[in-house]
Amino acid sequence: MGKDKPQKHIINKTDWRLTGQEKYLQNAILTWQKYKMPRPRWDHDHCEFCGIKFIEQLDNEILNEGYSTKDKHHWICKNYFLDFQEMFHMCGVQIII
Ligand SMILES: [Zn+2]
């Protein structure tokens, strides 16, 4: 029962993963999308919370899709989005192509 549901972590305001993300994530609308290089020679970004890498080509322990802000400056992996969406009142949007 509930086996496939991602585990929810208990978060409080002093969580060590919180380093001021509320400045750009408060009430943010994030879009689930494939990672695309923002410009030549800038080939990756990191999750704002856990630091996991996002790149275009899928590799072990690296993601090629996640939640990103409209300007694509900030990326969040799925698990951490689920952990923090309530605290930051973030909205996750899935775009179906
Ligand atoms: Zn993450």
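Reply: Start with a term. Helices are DSSP runs of H or I with at least four residues, strands are runs of E with at least two, and both are numbered from the N terminus. Keep in mind that this is a predicted model.

Me: Where is N27, in those terms?

Reply: N27 sits in the loop between α1 (22-25) and β1 (29-34).

Me: Why is N27 called exposed?

Reply: Count its neighbours. N27 has 9 C-beta neighbours inside 10 Å. The cut-off for exposed is 12 or fewer. So N27 counts as exposed.

Me: What makes the phi of N27 worth a look?

Reply: Most residues other than glycine have a negative phi. N27 is not a glycine, yet its phi is positive, about 60°. R41 also has a positive phi, near 75°, and is a residue other than glycine.

Me: Where is R41, and why is R41 called exposed?

Reply: R41 is in the loop between β1 and β2 (45-46). R41 has 5 C-beta neighbours inside 10 Å, so R41 counts as exposed.

Me: Why is L63 called partly exposed?

Reply: L63 has 19 C-beta neighbours inside 10 Å. Buried needs 20 or more, and exposed needs 12 or fewer. The count for L63 falls in between, so L63 is partly exposed. L63 lies in the loop between β3 (53-54) and β4.

Me: Which residues does L63 touch, leaving out those up to four places away in sequence?

Reply: L63 touches I52, F54 and C77.

Me: How do you know that β4 and β5 pair?

Reply: Count bridges. Strand β4 (residues 65-68) and β5 share two bridges, in the antiparallel sense. Pairing takes at least two bridges, so these strands pair. Y67 stands opposite I76 in β5.

Me: What is the order of the strands in the sheet?

Reply: The order is β5-β4-β1-β6, in an open sheet of four strands with mixed pairing.

Me: What makes β5 and β6 edge strands?

Reply: Each pairs on one side only. Their residues are 75-76 for β5 and 91-94 for β6.

Me: How many helices and strands does the protein chain have?

Reply: Two helices and six strands. Along the sequence, the pattern is α-β-β-β-β-β-α-β.

Me: What share of the protein chain is buried?

Reply: Buried residues make up 20% of its 97 residues.

Note on methods: Residues numbered from 1 in each chain as written. Predicted model: local features only at pLDDT ≥ 70, side-chain atom pairs only at ≥ 80, totals over all residues. Contact = placed C-beta atoms within 7 Å.
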